[in-house]
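Open the model in your viewer and keep the selection tool at hand. We will go from stop to stop, with a note on what to select and what to look for at each one.

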Amino acid sequence: MSVLDALFQAQREMDGSLGFRCACRVGMCGTCAMYVNKIPRLACSTLVKNLKTEIVTVEPLPHYPIIKDVAVSLAPFFAQWRRAQSAFRPRNRDSQTLALIGKHSRFRQLAPTKRDCITCGACYAACSIAGMNAEYLGPAAINRAFLRILDPRDAAGADRLKILDRNLDGVWRCHTQFSCTAVCPRGIDLTDSILRIKRALIQPRRLLAV
Ligand code: SF4
Ligand code: FES
């Protein structure tokens, strides 16, 4: 039984008004992230027996407005996603040919470990800096901006670096606590992305270094 199964059972047998969110039920959509035993997790991918606790506590994700019970609004998360200019801005909008990415390019090497975010919001909930400073862009938005900056087809790298360099809400707010990396259900090393951006801001040529 997953935590999500348990919630459905509780809804069926105890309280039909219980509010929670889910969609795919197989760990792909990110909709069911919630605080389970004080750690942000996907309810559909968390087996009750693996928690190894007598009582399982389920709460809404921190740092988000509550819609109902454990259902939260991800509006703050997506607001930061937009502020970090996460959308792709093509270098050559009118190109008639496919862009080629060299197999030894840094983008090609790093993208498989950085691109599979399912926008569950768990990293933002785990980040104590996001909790203290609502302006902070947060790990997922920074990671997505990092991917775009690495992408040789994208034209807005310099604009994004300026945003990430901002004192109040950029990468310098990160205290390298690794909380985001620890909870990401896709295993994305978000702290590494943030550190790479910091290094690149100090030494621009290091952006593509290991
Ligand atoms: S980076 Fe990981 S934890 Fe953060 S929103 Fe994406 S999938 Fe969720
Ligand atoms: S319901 Fe889609 S990830 Fe859990």
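Start by selecting ligand 1 and the shell of residues around it: 10 are nonpolar, two polar and one charged. In this count Ala, Val, Leu, Ile, Met, Phe, Trp, Tyr, Cys and Pro are nonpolar, Asp, Glu, Lys and Arg are charged, and the others, Gly among them, are polar. The shell holds 13 residues, and C117, C120, G121, C123 and C184 come nearest to the ligand; a residue belongs here if one of its heavy atoms lies within 4 Å of the molecule.

Before moving on, a word on what you are looking at. This is a predicted model, in which local features need pLDDT of at least 70 and side-chain atom pairs count only at pLDDT 80 or more, while totals for chains, interfaces and linings use all residues. Residues are numbered from 1 along each chain as its sequence is written, chains are lettered from A and ligands numbered from 1 in the order in which they are written, and side-chain values use heavy atoms, with hydrogens and water left out.

**The whole chain**

Zoom out and colour by secondary structure. The C-alpha trace spans about 60 × 40 × 30 Å along its principal axes. Of the 210 residues, 42% count as buried, where buried means under 20% relative accessible area, exposed over 50% and partly exposed in between (1.4 Å probe, protein chains only). Among contacts with a separation of 6 or more, 63% are between residues 24 or more positions apart; a contact means heavy atoms within 4.5 Å.

**Helix α3 and Q80**

Next, select residues 75–83, which form helix α3, and pick out Q80 within them. Which residues of α3 are buried? They are F77, Q80 and W81. Look down the helix axis: these buried residues fall within an arc of 105°, so they line one face of α3. The arc is taken from the directions that run from the helix axis to the C-beta atoms. Now show α5 (122–126) and α7 (139–150), which are included in what covers the buried residues of α3.

Stay with Q80 for a moment. Its relative accessibility is 4%, so Q80 counts as buried. Leaving aside neighbours within four places in sequence, Q80 is in contact with Y124, A134, E135, Y136, L137 and A141. Show the side chain of R83 too, because a polar contact (a pair of N or O atoms within 3.5 Å; within protein, one must be able to donate a hydrogen and the other to accept it, and residues adjacent in sequence count only if both atoms are side-chain atoms) is to be found here. The side chains of Q80 and R83 are joined at 2.6 Å. After α3 comes Q85, with a positive phi near 55°.

**The three-stranded sheet**

Now find the open sheet of three strands, ordered β2-β1-β3 with antiparallel pairing. At its edges are β2 (39–42) and β3 (58–59), each pairing on one side only. Select β1 (residues 33–36): two bridges join β1 to β3, and the two run antiparallel. Two strands count as paired if DSSP finds at least two bridges between them. One place to look is Y35, whose bridge partner in β3 is E59.

Select the loop between α2 (48–51) and β3, where T53 is found. T53 has a relative accessibility of 36%, so T53 counts as partly exposed. The side chain of T53 makes a polar contact with that of N37 at 3.0 Å and reaches the backbone oxygen of I55 at 3.1 Å. K52 sits in this loop as well; K52 is exposed, with a relative accessible area of 70%, and its phi is positive, near 55°.

**Last stop: I194**

Finish at helix α10 (residues 190–202), the place of I194. Is I194 buried or exposed? I194 is buried, at a relative accessible area of 1%. Not counting residues up to four places away in sequence, I194 touches Y136, P139, I142, V171 and C174. Draw a distance from I194 to P139: they are 55 residues apart in sequence, and their C-alpha atoms are 7.4 Å apart in space.

Terms used:
Helices (H or I, at least four residues) and strands (E, at least two) are DSSP runs, numbered from the N terminus.
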